[in-house]
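Here's a quick briefing to keep beside you while you click through the model. Have the viewer open and follow along topic by topic.

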Amino acid sequence: MNGQTAVLTEIRSLSAHDGPGLRITLFFKGCSLKCKWCHNPETILSTPELEWDEKSCIDCRICEANCPEKAIAFSESKSYIINKNKCTVCGTCVATCPSKALKIAGVSFTVNQLFDLIHRDEKFIKRSNGGITFSGGEPALGYSFIAELAQKLKAFDYHLALDTCGMAPAKAYETIVPLMDLILYDLKEINDEKHRQFTGASNELVHENLSLILKLIQQNNLKTEVWIRTPLIPAMTDTYENIQAIGKFLSEKADGSVQKWELCTFNNLCIAKYRKLGKEWALEHSDLLTTSYAAQLLKVAKLSAPIIPGINLSGLTKTNRKT
Amino acid sequence: MTINICRNRRIEKLHERNLFLAQNHKRDLYVDNPEFLVYHWSGKAAAFSPATGETASDASERINCGDHNCRVDNSNPFPFVNGMPSKVNGFSYDVNNFAADYAFFLDHTPVIINPYERIVGEFNWQLDEARFFKYPDENQKLGLEARKLGAGGISFTHTSPDLGIGLELGWGGILNKVQVNRVKFQKNDNQKSVEYLNAAEVVCNAIIRFIDRYAVEADALERSERDPELKESYGIVARSCRNIITQAPSSFVEAVQWINFFQVFERIIGHGNGYGRLDQLLIGFYKADFNKKLMTHEYARDLVAELYLKYGGNYFSFGGRNQALKDATNEMSWIGIEAYDMCGGYNQLGAMWHSDVDKDFWNYACDVVGRHGCGAPTLVNYDVMRASELRSGYSEEDSWNIAYSGCQWYCSVGKEYNDQDLNSLVLVQPMQRAMQHAADFGLEKWDDFWAVYCNEVNKTADVLVDFKNNTYKWQHKVWPEIVTSFCMHGPIENGRDVTDVRAVANNYTSVNVLGVPNVVDSMYAMKELIFQQKKYTMLELIGAISTNWDKKELMRRDFLNQPKFGNDIDSVDSMALLISKQVRELLESKHNIKGFHFRPSLFQFMGHTYAGVMLGATPDGRKAEEPLAHGMNPMHGRNTEGILPTIRSFCKLNFTEYQGGSFQIELHPSFFPDGEKRGNTVELFATNFFEMGGVQINLNVVDINTLKKAMENPENPEYRNIVVKVTGYSAHFMVMDRKFQEEFVKRVNYTSLIN
């Protein structure tokens, strides 16, 4: 078991947004869905990828000259082209880039390495009543790694949270849910056809797994809380029908462990990430939700799922229009 | 605990006036030139730049540090300048020459009582605008020698008197103390001390006359005023002034009035001491009045707020420990911070954390910093400050009563005179000389280069020691600090001015070391690329930086991409420990003529802003036009891994071994989680930082993009109220020098604890 490794794109120290208090959020690479709005596109593939930051690039083309696979080329307009079929992500270009414009997304860690990184911030985390959140990508895909790390952290009484889209094998949840204090569970779209269209997969398993998690909590007398999260994506998931239907679904399914339902408003801050990966993003030009519309959706949610004690909006920014 | 404090109508009026003064350049503080900021000596004035008078710099040349002055500008020069005794009878190097000027100056300083005030006393001119004074030429020569090698400094009123002495004795008691001691020295035929105490008597009598004039004026105003509210205020002023002309204050309002007057008498000679622990100074007065039902918590808060508004730059501190080393927090600590909470904006108060501090008080102080967002109160670590004083050699008795006393420095109240924050050692310069030496002699080994570097730092330290020692020989004859001496333990008893040798118990000279992180990053990059990889020669490097890396961008990137201090990377952080230890041990091996060693401070006032162009590009990949790092903070933008790695790097230094080293941090408002009390986040951060050994936090909550917009639209009134903690001091952003603004907006604006 000691040899287990996992690929992470980021270890975010003291994040205030993924559970109570200040948390360390671990972003595991590899996801079982392909949501059109994905905010962490670098976590979709399970293997490391090369990122190029146009703003930092000084067009010296040292990478082009040094690439052993001849996988890098520049077009006339300083735009960097990488042939992903040829690139082996060997890192030669990253090491020789004088402006740090190249980076590999995805670094391999052992359980002990991650534990040591987390544990040195123990005081910060515990003083804020925070904890550790496993996120991604879909962290539950690497459940045996997470189980080992979680056991180690539990020995030091850390509050643990799993941020999951619900698309992982039942075995994954059976293994790790008993170790968690909180499950952040995504319900994105209730209409299965739309769900397939938006995320590339049916929501059947997502619904089954939520039932499974609630059952696991009940049967094992766990104190684990469940917080549902729904991304409000313009012209996709942000309809009254969808929110109402998710609310109804929750009213039927939820028991006392479902404590919160968070409506996460769309933002476009991740566009830079797509550019770095050389990927297009369909939602680049989507409008932000207006604050008043978001407030109406919140009202709909509250009316449709009165059983859930805490329903709130998150992620509204100054740029969301006031009207 | 949520405290909701509103300004009443009276305080609102006083607040408005204070804002008006700040925003309309009535409180500006100037320095002569960029050299003053970098070397802490302009080559001209022996202090900050006088605003008017014959030693004042031209308006086009001087630099505006922002609204950081006690003086209230009235746009005119001192009208009685030609009557100054030293102008009439000539300037001479003796204490009575100074005393005669001081007395004349104070006698001709107008009485100013503004409507609604219950605490009075302010001034329009400083003594250095009227009195000509100059150190002998030999001193000037030594100063210029020191500058060539990268050092400088002035000696001028940067300590913390113990106002407890004056509050107990009153001016009559102080006068009596002067006279009694004079008899002692007369008996022993100690003419020098008799002369000194004669001068002290002249100054003390001038002070007594000054307060008397305030009492008379307030009396007259009370009698002629019809408005009952104003009449009441004038009456209060008249009575408290009348009662403290010679007697010690006997009530809370008199004590606050006494403190404000003392600040006037001191600050009128120039810029600026700290005034100790206000909560300890006032708690006795407060309790006595409170028990007699003469005072309420709320009224005490109003009066302290008024004290702050009279001069919004009071260096008072709160919290800390008492003599038994138990938590010293009391009701006045709360009142002191609440009074700031009521006024907000520009001020310089310190909240002193220690491991046993009252948790609610500490959380409140942190919440005030988080809400007001401009670094007040400054959060400091009492335990580290005290430990560093003990390590220097202070007695237990002298070290417990320590106070955050200036921008980034601290003092044993009433027991030391140290030139804190007034001496500079520009560490980049010895490094540059060592580089030239390495090129000239073809040094190929790092160890050899390191030896040359150490030798060059030593040369710089030696010239600084010579310059300082010469200044110390003359200071008490050129510009004695008699008012400060009244509230120090020693000077009157010893018949010597506080600036003289053997006047107070502690005289360690502190030196701000400028550019440590740049030297660390540079030395590391040179060690790696020149001495180990041998990728470049020293000659190539000197060529590249002498042209500001012109056509050497790839080479610059190579130096820039070497690991940098501030990212928790042990290899380069070890260099930080080595560099800081070297300069510390070196300074500690040097002594001043007062018999005390030198010691390093790892902070800077504003020298880092102008030093860049003056010193040119550096081997850390920095271009000439970029500022240097501020104090021991990582170079702007080089700490790319977030706050926690930065703190880990920073706290690898043991701050008990240094005389201060503030951590500067600019948090974006979105840093704070929605709906969460800001104080909780600030407290979490600050408490951990102090437990890791940090000594001071200068914290701003600011959106740097707003500041950039403000710089583009300086006329837009929307931006006039923005106050920032510049380094150790706060100022209105729009009032200060452009270069300071430029440096500020280059700082890392943390939106979360991660980046």
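Predicted model: local features only at pLDDT ≥ 70, side-chain atom pairs only at ≥ 80, totals over all residues.

**Helix α8 against helix α9, chain B**

- The axes of α8(B) and α9(B) (residues 228-243) come within 8 Å and cross at roughly 155 degrees.
- Since angles over 145 degrees count as roughly antiparallel, that makes α8(B) roughly antiparallel to α9(B).
- The crossing of α8(B) past α9(B) is left-handed.
- On the α8(B) side, the contact uses I211(B), Y214(B), A215(B), A218(B), D219(B), L221(B) and E222(B).
- Facing them from α9(B) are K231(B), Y234(B), G235(B), V237(B), A238(B), C241(B) and R242(B).
- Sorted by class, this contact has 9 nonpolar, 1 polar and 4 charged residues.

**Helix α1 against helix α12, chain B**

- Here the axes of α1(B) (residues 9-23) and α12(B) (residues 297-310) come within 10 Å and cross at roughly 15 degrees.
- Angles under 35 degrees count as roughly parallel, so α1(B) runs roughly parallel to α12(B).
- α1(B) goes past α12(B) in a left-handed crossing.
- I11(B), L14(B), H15(B) and N18(B) of α1(B) meet D302(B), A305(B), E306(B) and L309(B) of α12(B).
- That contact splits into 4 nonpolar, 2 polar and 2 charged residues.

**An enclosed helix: α26, chain B**

- Helix α26(B) (residues 643-650) has 6 of its 8 residues buried, so the rest of the structure largely encloses it.
- The buried ones are I643(B), P645(B), T646(B), I647(B), S649(B) and F650(B).
- They pack against α24 (570-588), β12 (662-667), α27 (678-691) and β16 (749-750) of chain B.

**Where the chains touch**

- Chain A puts 16 residues into the contact and chain B puts in 13.
- On the chain B side, α23 (553-560) and α27 each give at least two residues, and the largest share, 4 residues, comes from α23(B).
- The chain B side divides into 6 nonpolar, 4 polar and 3 charged residues.

**Backbone spots to check**

- The peptide bond from G136(A) to G137(A) is cis, with omega near 20 degrees; G137(A) is in the loop between β8 (131-136) and α5 (143-154) of chain A.
- The bond from A376(B) to P377(B) is cis too, with omega near -5 degrees, and P377(B) lies in the loop between α14 (359-372) and β6 (378-381) of chain B.
- Y116(B) isn't a glycine, yet its phi is positive at about 75 degrees; it is partly exposed, with 17 other C-beta atoms within 10 Å.
- D421(B), also not a glycine, has a positive phi of about 70 degrees, and it counts as buried, with 24 C-beta neighbours inside 10 Å.
- As for location, Y116(B) is in the loop between α4 (95-107) and α5 (127-130) of chain B, while D421(B) is in the loop between β8 (410-412) and β9 (423-426) of chain B.

Methods
Residues numbered from 1 in each chain as written. Chains lettered and ligands numbered in written order. Buried ≥ 20, exposed ≤ 12 C-beta atoms within 10 Å, placed from the backbone. Contact = placed C-beta atoms within 7 Å. Axes fitted to C-alpha atoms, helices over the stretch in contact; angles between N-to-C directions. Parallel < 35°, antiparallel > 145°, perpendicular 65-115°, else oblique. Left-handed = near helix turned anticlockwise from the far one by under 90°. Nonpolar A, V, L, I, M, F, W, Y, C, P; charged D, E, K, R; others polar.
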